[in-house]
Amino acid sequence: KPKNRDIFFHATMPPKKRAADSDGKQSKKQKTEEKQIPPSHSRVTDYTPVDLKDGEVKLVSWNVNGLRALQKDMNILQELASQEKPTVIGLQEVKIGAKSSDLKLFEDSIKGYTAYFNPCSVKEGYSGTGVYIDDAWKDKVKVTMDFPDSIKGAADCNGEGRCITVEFEDFFFVNTYVPNAGQKLDRLEYRTETWDPAMFAYLQSLEEKGKEVIWTGDLNCAHHEIDIHNPKGNKKTAGFTPQERESFSTFVENEKTGFIDIHRTLHPKEQAFTYWGYRGNLRYRNMGWRLDYWIGSKGTKDKVSSSTILDSYWGSDHCPISLILQAK
């Protein structure tokens, strides 16, 4: 297991949640909050990051649910990078503004990595994505923001900072924060009829350039019943509606497109989650959703050596995921 595993259990909580009362005793509230520490049966308890083989790269994705909150007590991103040693880290829901001062605040969060952010320009502190690229690779890749104008619907999708693409020599890394349909499903139509067609068209346009495509991020859809702890009770909930799942299926695990759910391909019967609501100690009870994915073009299947859900890392309502694959 990671050498400093306890760091991720405790240090991401505000000091008042970690410290005892001034008289040395803990309040009922503090005792309740301690239960948020995950049980020993955490899926990656015995997980140890592996060294990369020649020609391999390691990709990490994480919905951080706000960079400021994540980094409040300590540099969690630096710890993640030090433990995992990824080639690139894709972040979603960074929630930082477009002001240069906000961006500079997090540019140096990880030593030895160069940061690129795509903040939301239509609403301050909302949505947004970011990537950190290992400095050894930064001159070998090209970074672009949003969908190009040639994609139908791009004008209706760009502006919320939901996509960053990193072009490597032989593959594209597409980091995305897919729009949530909303608690009242007020964005369901936008999600399925505007965003999804534009997203899928963009991914196919990249594949047509002759390179493999890795699509990752918080894709805001539990595709199958195995991907959610309570499928029967959530059929009208954003992220598990029939409309979203059907739309997802038109592209993912569809013979016409050839794009695969890499983690599900490698772990067909595993029920593991990447998101847990804050209420009700759901993460402690492991009652969650798998919303974070590695979706790959058909040629990626034979190039991937591992896909791991890193659920020992705390600090957000999501946990990171990682992928190791062959690349030039």
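**Rings, cysteines and a cavity in a predicted model**

Me: Which cysteine sulfur is nearest to that of Cys157, and how far away is it?
Reply: Cys157 is in no disulfide. A disulfide needs two sulfur atoms within 2.5 Å. For Cys157, the nearest cysteine sulfur is that of Cys163, at 9.9 Å.

Me: Is Cys157 buried or exposed?
Reply: Buried means under 20% relative accessible area. Cys157 has 3% relative accessibility, so Cys157 counts as buried. Cys319, at 0%, also counts as buried. The value for Cys157 is 3%.

Me: How many aromatic pairs does the structure hold, and what is the angle between the planes of Trp215 and Phe251?
Reply: The structure holds 12 aromatic pairs. One of them joins Trp215 and Phe251, with 6.3 Å centre to centre. Planes over 60 degrees apart count as edge-to-face. This pair is edge-to-face, and its angle is 80°.

Me: How many residues apart are Trp215 and Phe251?
Reply: Trp215 sits in strand β8, residues 212-218. Phe251 sits in the loop between α9 (242-249) and β9 (260-261). The pair links distant parts of the chain, and the separation is 36 residues.

Me: Which kind of aromatic pair do Phe251 and Phe259 form?
Reply: The two ring centres are 4.5 Å apart, with 35° between the planes. Stacked needs under 30 degrees and edge-to-face over 60, so the rest count as tilted. The pair of Phe251 and Phe259 is tilted.

Me: What are the relative accessible areas of Phe251 and Phe259?
Reply: The cut-off for buried is under 20%. Phe251 is buried because its relative accessible area is 1%. Phe259 is buried too, and its value is 0%.

Me: Which residues do ring pairs link into a cluster with Phe251?
Reply: Trp215 and Phe251 are both buried. Ring pairs link Phe251 into a cluster with Phe200, Trp215, Phe248, Phe259 and Tyr293.

Me: Which ring has Lys140 over its face?
Reply: Lys123 lies over the face of Tyr126, at 4.8 Å from the ring centre. Lys140 is 5.0 Å from the centre of its ring. The ring under Lys140 is that of Trp137.

Me: How many residues of helix α5 are buried?
Reply: Helix α5 spans residues 76-84 and is mostly covered. Its buried residues include Ile76, Glu79 and Gln83. Just after α5, Lys85 takes a positive phi of about 55°. The buried count for α5 is 8 of its 9 residues.

Me: Where is Lys58, and how far is Lys58 from Gln326 in space?
Reply: Lys58 is in strand β1, residues 56-63. At 1% relative accessibility, Lys58 counts as buried. Lys58 and Gln326 are 268 residues apart in sequence. In space, C-alpha to C-alpha, they are 9.0 Å apart.

Me: What is the volume of the largest cavity?
Reply: A search of the whole structure finds 1 cavity of 30 Å³ or more. Its lining includes His263, Arg290, Tyr293 and Ile321. The volume of the largest cavity is about 50 Å³.

Me: Which elements give two or more residues to the lining of the largest cavity?
Reply: The lining residues divide into 4 nonpolar, 4 polar and 2 charged. Asp292, Trp294, Ser307 and Thr308 are among them. The elements that give two or more residues are β10 (292-296) and β11 (304-309).

Terms used:
Residues numbered from 1 in each chain as written. Predicted model: local features only at pLDDT ≥ 70, side-chain atom pairs only at ≥ 80, totals over all residues. Heavy atoms only, no water. Phe/Tyr/Trp six-rings, centres within 6.5 Å; stacked < 30°, edge-to-face > 60°. Helix = DSSP H or I, 4+ residues; strand = E, 2+ residues; numbered from the N terminus. Buried < 20%, exposed > 50% of the residue type's maximum accessible area, 1.4 Å probe, protein only. Lys NZ or Arg CZ within 6 Å of the ring centre and 35° of its normal. 1 Å grid on protein atoms, 1.4 Å probe; cavity = no way out; pocket = protein on both sides within 12 Å on 5 of 7 lines; lining within 4 Å. Points joined across faces, edges and corners; volume = space filled by probe spheres on them. Nonpolar A, V, L, I, M, F, W, Y, C, P; charged D, E, K, R; others polar.
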